[in-house]
Amino acid sequence: MKMKSPKAMIPGLYLTLFFAYLFGPLIIMVITAFNSSNFPRVSPWECFTTDWFGKLVADDALIEGIGNSLIIGIGVVVVAIPIGLAAAIMLSQVGPKLRASLYTIFIAPILVPGVVIGLSTLIFWDRIGTFFNAPYESFFYDGTFLTIFGQVTFIAAYSMLVFLSRIQRFDHTLTEAALDMGATPTQAFVKVLLPFMAPAIGSATVLAFLASLENYNTTVFTIVSSSTFTTVLSSKVRYGLDPSISAVAVIIISITLIGAIIFEVRNRYNSKGWALVIAERPALKVATHPGTVAGILGVLAIGAVLFIQNYDSNACTAQILEEKRALQQQLMEQQSLDTPTPTQSAPSSTVPSMPSLGPLGGDEGGNEGGDENGAGSDSSAPASNPFGGANGIFAPQNLRGSEGN
Amino acid sequence: MTKEISLEHVWVEFGEFTAVQKANLNIAGGEFFSFLGPSGCGKTTLLRCISGFQDPTRGVVRIGGNDMKGVGPNKRPTALIFQNLALFPLRSIADNIAFPLEVRGVDKKTRRKRADELLELIALPGQGDKKVSELSGGQKQRVAIARALAVEPDILLLDEPLSALDLKLRQHMRTELRAIQKQVGLTFIYITHDQGEALTMSDRIAVMNKGKVEQIGNGRTIYDHPTSSFVASFVGENNVMDGTVLTNDGKMMTIDAGLGAAFKVENHPAGGPALAPGDVCQLFVRPEALHLAKDDSGINQFESKFVSEEFEGNMRHIVLDAQGKKLKLSLINDGTNAIRANAPVKLDFAPNLGIALKPGELASA
């Protein structure tokens with residue numbers, strides 16, 4: 001009787017799988033941020049380290065990309081929200097036939113592939129720039145400007161959908177009532193419709209900002225010579241990535257979690273049931289106030305930052321490096337016995353000159369870089385992949401052998 | 001201060017559809033005037049013409065003698081009370097009432113003072129900080145009236161404001177509305193499809209059908225002397241009999257309605273267009289005008305058979321069959337029961353209570 005019947009276990013199993021599917025990648029990503037291995041991975045575990053956060057802060061390209069992304073995000077919100085709101089208001093006031101066709105037009109940018117929007121934005125503004133004989137420094141060729149306008153085309157449509165669902169519940173006689181009572185149309189809009197739309201404006205702002213931040217398809221074309229968070233990330237992925245990407249993930253996840261916790265605490269604090277519970281207990285009232293919770297989380301976050309700044313894993317990483325070097329030595333000796341070719345001296349000269357990157361750090365990148373090199377396009381072999389050229393030495397069979405140890 | 005309103009040959013057309021045709025009437029200052037008609041008869045459109053939400057296709061709307069063409073709703077001396085009241089759900093009661101002052105730039109303190117005064121008037125003192133959702137239907141009604149009165153308009157327009165209330169509250173609000181109107185002395189223009197509301201509150205009523213004003217008069221005239229078949233059948237209940245005019249001497253007509261002897265019916269000066277001998281006509285006799293005959297000596301007597309009875313407490317509504325024609329008879333429940341099933345029922349009615357009109361469209365029940 002202790003064993004549950006297999007049927008009764010299905011929901012539990014399903015839930016486990018579901019959450020594993022949802023959160024598994026995130027958890028692994030977070031763990032890799034603290035592994036000193038040069039490639040983001042959980043196993044083999046080398047050293048607990050916080051160096052990747054330091055590396056992240058020192059990564060000028062990424063920081064600049066994040067800065068650009070934030071500027072673009074704010075620009076998109078400022079432009080897309082009024083456009084979306086105007087479209088929703090218009091749709092709510094026209095007749096059913098016109099509404100159907102207008103709706104299709106407004107929604108079309110969502111259906112058009114982001115790549116197409118990106119390309120066409122680029123071409124469109126280039127044409128206009130050419131028409132006005134504008135120099136290349138003008139905003140027609142500015143990545144930030146082009147990206148804002150490219151993203152606005154479909155993010156405005158997203159925000160319109162958010163507004164539409166809210167405005168459908170708006171009673172238009174309220175506007176008429178305001179007009180009848182002497183309000184000007186502007187006053188009726190500001191004092192009656194806008195307060196009603198405020199929650200939707202809030203959620204549309206968040207949605208638009210996030211959609212802008214995470215957009216890649218369109219941005220990669222419109223950003224031209226500049227960069228955003230996503231384009232920097234994608235180039236990192238292509239040209240060999242390290243766990244500082246995981247560190248970015250940890251920061252984003254932490255911010256999201258802190259925001260979600262404060263929001264949830266605020267909701268519960270304002271609920272009617274809780275108001276009754278804390279009515280008689282002032283201590284609990286203070287303890288569960290969203291401000292208190294935010295303060296505690298803030299202190300925890302500052303503590304985490306201080307810890308990350310001060311934690312020193314050099315001893316451990318040095319030891320690992322030593323082990324690897326020993327292994328390398330052993331492998332080379334073995335290799336020189338197996339295949340006595342003239343290239344054998346290459347690693348012994350390369351590895352010591354790059355002490356910050358262990359020989360395993362470059363291996364995955366090496367495989368990819370090797371393909372490109374094989375195709376003869378070594379112009380794309382970047383500085384972050386110093387072992388691309390040494391691919392011949394780190395032949396797959398050898399690497400597999402090293403991982404097995 | 002009150003202003004008179006006049007509609008001069010007002011037409012409103014929406015594409016092919018004519019919502020209002022040739023409305024021509026004057027409403028005196030301080031009058032309680034009702035537009036009564038079935039839904040879709042154009043009464044709300046007419047109201048929107050007066051309040052400024054709708055421009056007439058043709059004709060002139062004058063308020064206090066001034067042509068209102070091109071004057072927006074926010075510039076007219078009218079205040080409209082919407083069917084759904086249109087209170088602002090996100091504002092407190094006091095902020096709702098003070099809204100017209102707010103948009104006119106009145107300072108906060110004065111606004112609050114005026115809102116408190118009006119809350120006093122509508123018997124909701126000290127409730128200004130409540131939310132709209134915390135009020136009952138009748139209270140919301142009163143708040144809507146207070147809000148409309150906040151800037152002292154000259155004309156208050158009411159678009160079926162009581163239709164969402166339950167019966168008891170509706171009857172209560174009728175008296176209250178009338179009392180408020182007497183107290184503030186404004187012109188009230190009231191839209192309703194409920195003849196009870198129109199008859200109890202109004203000084204004068206305009207009965208509308210299909211965009212046309214059929215008859216204008218006080219409640220008594222409309223009820224007792226309708227000038228068209230539509231008004232006769234829409235206001236109150238009526239038995240309709242098709243008949244032919246036999247004679248008409250200007251004061252009295254005789255009409256053959258196929259129920260035995262010819263009926264004698266009075267011509268009334270306020271009644272509809274005159275009928276000549278030989279004309280086909282519709283004869284209307286109200287259920288309460290029909291009378292159980294005690295003997296065979298009454299005028300306009302005829303026989304019928306009992307079919308069924310609806311018991312309403314104070315009234316008994318009896319359905320009778322007179323030679324295949326269904327008739328309704330309303331009797332006060334005085335405890336007696338002179339009607340027995342299957343026994344013939346003898347009826348008569350006074351000549352001044354029969355109404356003969358040219359055949360026309362009847363209101364669908």
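B:R62 stands opposite B:D67 in β5(B). The two residues belong to a pairing in this predicted model, in which strand β4 (residues 58–63) of chain B joins β5(B) in the antiparallel sense over two bridges. Helices (H or I, at least four residues) and strands (E, at least two) are DSSP runs, numbered from the N terminus. Two strands pair if DSSP finds at least two bridges between them. Strands of a sheet pair through backbone hydrogen bonds, either parallel or antiparallel.

Residues are numbered from 1 along each chain as its sequence is written, while chains are lettered from A and ligands numbered from 1 in the order in which they are written. Because the model is predicted, local features need pLDDT of at least 70 and side-chain atom pairs count only at pLDDT 80 or more, whereas totals for chains, interfaces and linings use all residues.

The pairing of β4(B) and β5(B) is part of an open sheet. Its four strands follow the order β2-β1-β4-β5 (chain B), with antiparallel pairing. β2 (17–27) and β5 (66–67) of chain B stand at the edges with a single partner strand each, so one side of each has no neighbour in the sheet. Strand β2 of chain B contains B:K22. Phi of B:K22 is near 50°, a positive value in a residue other than glycine. Most residues other than glycine have a negative phi. B:K22 is partly exposed, because 15 other C-beta atoms lie within 10 Å. The cut-offs are these: a residue is buried if 20 or more other C-beta atoms lie within 10 Å of its own, exposed if 12 or fewer, and partly exposed in between, with C-beta atoms placed from the backbone.

B:K210 also has a positive phi, of about 50°, although it is not a glycine. B:K210 sits in the loop between β9 (204–209) and β10 (212–217) of chain B. With 16 other C-beta atoms within 10 Å, B:K210 is partly exposed.

Another open sheet has five strands, in the order β15-β19-β16-β17-β18 (chain B), and its pairing is antiparallel. The edge strands are β15 (291–292) and β18 (325–332) of chain B, and each pairs on one side only. β15(B) is joined by two bridges to strand β19 (residues 344–348) of chain B, and the two run antiparallel. There, the bridge partner of B:L292 in β19(B) is B:L347.

Strand β6 (residues 78–81) of chain B pairs with β7(B) in the parallel sense over four bridges. In β7(B), B:I155 is the bridge partner of B:T78. Five bridges join β7(B) to strand β8 (residues 187–192) of chain B, again in parallel. B:D159 has B:I191 as its bridge partner in β8(B). From β7(B), the chain crosses through helix α6 (residues 167–184) of chain B to β8(B), and this β-α-β crossover is right-handed. Right-handed means that, with the strands pointing away from the viewer, the path from the first strand over the helix to the second runs clockwise.

At 1.5 Å a residue, the 18 residues of α6(B) should span 26 Å, and its end C-alpha atoms are 26 Å apart, which agrees. The expected span is 1.5 Å times one less than the number of residues. B:M173, B:L177 and B:Q181 are buried in α6(B). Seen down the axis of α6(B), the buried residues fall within an arc of 70°, so they line one face of the helix. The arc is that of the directions from the helix axis to the C-beta atoms. An α-helix has 3.6 residues a turn, so residues three or four places apart point the same way. The face of α6(B) turned away from the buried side carries the exposed residues B:K168, B:T175, B:A179, B:K182 and B:Q183. Among the elements that cover the buried residues of α6(B) are β3 (32–36), α5 (137–149), β8 and α7 (195–201) of chain B. Just after α6(B), B:G185 takes a positive phi of about 70°.

Chain B holds nine helices and 20 strands. Of its 365 residues, 40% count as buried.

Notes:
Contact = placed C-beta atoms within 7 Å.
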